[in-house]
Amino acid sequence: MLKPKHPKQSEAITTEIVMPDHTNTLGNLMGGKLLHWMDVISAVSAHRHSGRVVVTASVNNVSFGNPIALGDIVTLQAKVSRAFTSSMEVFIDVWVERQDTGKRIKCNEAIYTFVAVDQRGNPIQVPEISPESEEELLRYDGALRRKQLSLILAGKMKPDEATELKALFSSPQSNPESTL
Ligand SMILES: CC(C)(COP(=O)(O)OP(=O)(O)OC[C@H]1O[C@@H](n2cnc3c(N)ncnc32)[C@H](O)[C@@H]1OP(=O)(O)O)[C@@H](O)C(=O)NCCC(=O)NCCS
């Protein structure tokens, strides 16, 4: 049995400046570039948790709430929110410091799933996660529902088998704090 770890132990942070070759014709950061930065920083986080080679299994949720302009400073923070048998859900929070005002705002969030694999690419076990902060507990709590949704969308689970997901919609007593 592997020793459980705290989300903080998997934290990975990186900072970038939006350069001309990162932008679209409006002078804003291209979504694909941000997805790439997110993929890299969340892979570092999943590696810190598992100590293994990790591969991206799915990109579960990405929101592009605000455009990010040329010259803005972008900080990405990734942490494992929950680990299952071989897979890990990683949350990425993105902040932007505006070049003109210096104001720092939360800009984006994303959720990636990684799987730890051996040298042959076969999934292997990872340590569990022990959430500590309120936010870590909330993210941990929703992770199984998101895993089930992701597996349904990938055609790897039948909707009928998604017990946790069904409970969110069917129970009148379901916790109003619960999120997907
Ligand atoms: C990810 C990969 C290792 C999964 O292998 P697999 O043969 O499907 O293995 P399994 O069915 O046993 O799944 C392994 C784990 O991945 C999870 N998983 C697989 N697909 C998933 C998906 N779409 N969403 C969420 N989790 C997923 C499974 O639930 C399982 O998790 P668990 O062990 O924690 O319960 C395999 O599909 C792969 O190598 N994919 C390519 C990865 C890659 O190259 N990524 C870069 C993209 S270019």
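Predicted model: local features only at pLDDT ≥ 70, side-chain atom pairs only at ≥ 80, totals over all residues.
Residues are numbered from 1 along each chain as its sequence is written.

Five strands form an open sheet in the order 1-3-4-5-2, with antiparallel pairing. Strands (E, at least two residues) and helices (H or I, at least four) are DSSP runs numbered from the N terminus, and two strands pair if DSSP finds at least two bridges between them. The edges are formed by strand 1 (12-17) and strand 2 (53-64), each of which pairs on one side only. On average, neighbouring strands of this sheet are turned by 25 degrees against each other, direction ignored. Within the sheet, strand 4 (residues 87-97) and strand 5 (residues 104-117) run antiparallel and are joined by eleven bridges; serine 87 stands opposite valine 115 in strand 5.

Helix 1 (residues 31-50) lies across strand 1, strand 2, strand 3 (73-83), strand 4 and strand 5, at about 45 degrees to strand 3. Helix 2 (residues 134-153) lies across strand 2, strand 3, strand 4 and strand 5, and runs at about 75 degrees to strand 3. Axes are lines fitted to C-alpha atoms, for helices over the stretch in contact, and angles run from 0 to 180 degrees between N-to-C directions.

The axes of helix 2 and helix 3 (residues 163-170) come within 7 Å and cross at roughly 110 degrees. Helix 2 is therefore roughly perpendicular to helix 3, a term covering angles of 65 to 115 degrees. Leu144, Arg145, Gln148 and Leu149 of helix 2 meet Glu164, Leu165 and Leu168 of helix 3 in this contact.

The ligand is surrounded by 18 residues, of which Phe84, Thr85, Ser86, Ser87 and Ser150 are the closest; a residue is counted if its C-beta atom, placed from the backbone, lies within 6 Å. Strand 2, strand 5 and helix 2 each supply at least two residues of this shell, and strand 2 gives the most, with four.

Methods:
Contact = placed C-beta atoms within 7 Å. Parallel < 35°, antiparallel > 145°, perpendicular 65-115°, else oblique.
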